Amino acid sequence: MNEENYTEQYKGIIMLRKGRKDDEDIWFATVGNQLVSDGAYKTKEELIESLENLNLGTVCKIISGAFGRMIELSNKNGKQ
């Protein structure tokens, strides 16, 4: 994959994202607007390995991101 920016769904609600910082590819994970990975990683495989070893902080970030996204969609649907 040679795309500079890339997004892929992972395990339902987690989005794996590829971007660039300081002319290097980075990978990170989000749920809604919430960063749920423990920082940025050089490869998608490193990111996935990190996500497979969940800790309480990561679980809380995932839940927070999911609730934030739910509220965002609820507000958007209410305006229509």
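Strands, as the term is used in these legends, are DSSP runs of E with at least two residues, numbered from the N terminus.

**View 1. The hairpin of E1 and E2 in the predicted model.** Strand E1, covering residues 6-10, pairs with strand E2, covering residues 14-21, in the antiparallel sense, and five bridges join them. Three residues lie between the two strands of this hairpin, and in the turn lysine 11 has a positive phi of about 50°. Within the pairing, glutamine 9 has methionine 15 of E2 as its bridge partner.

**View 2. The hairpin of E2 and E3.** Strand E3, which spans residues 24-31, pairs with E2 over seven bridges, again in the antiparallel sense. Methionine 15, the bridge partner of glutamine 9, has threonine 30 as its bridge partner in E3. Two residues separate the strands of this hairpin, where aspartate 22 takes a positive phi near 55°.

**View 3. The open sheet of four strands.** The strands follow the order E1-E2-E3-E4, and their pairing is antiparallel. At the edges of this sheet are E1 and strand E4, the latter made up of residues 34-35, and each of these edge strands pairs on one side only.

Notes. Residues are numbered from 1 along each chain as its sequence is written. This is a predicted model: local features need pLDDT of at least 70, side-chain atom pairs count only at pLDDT 80 or more; totals for chains, interfaces and linings use all residues. Side-chain values use heavy atoms; hydrogens and water are left out. Two strands pair if DSSP finds at least two bridges between them.
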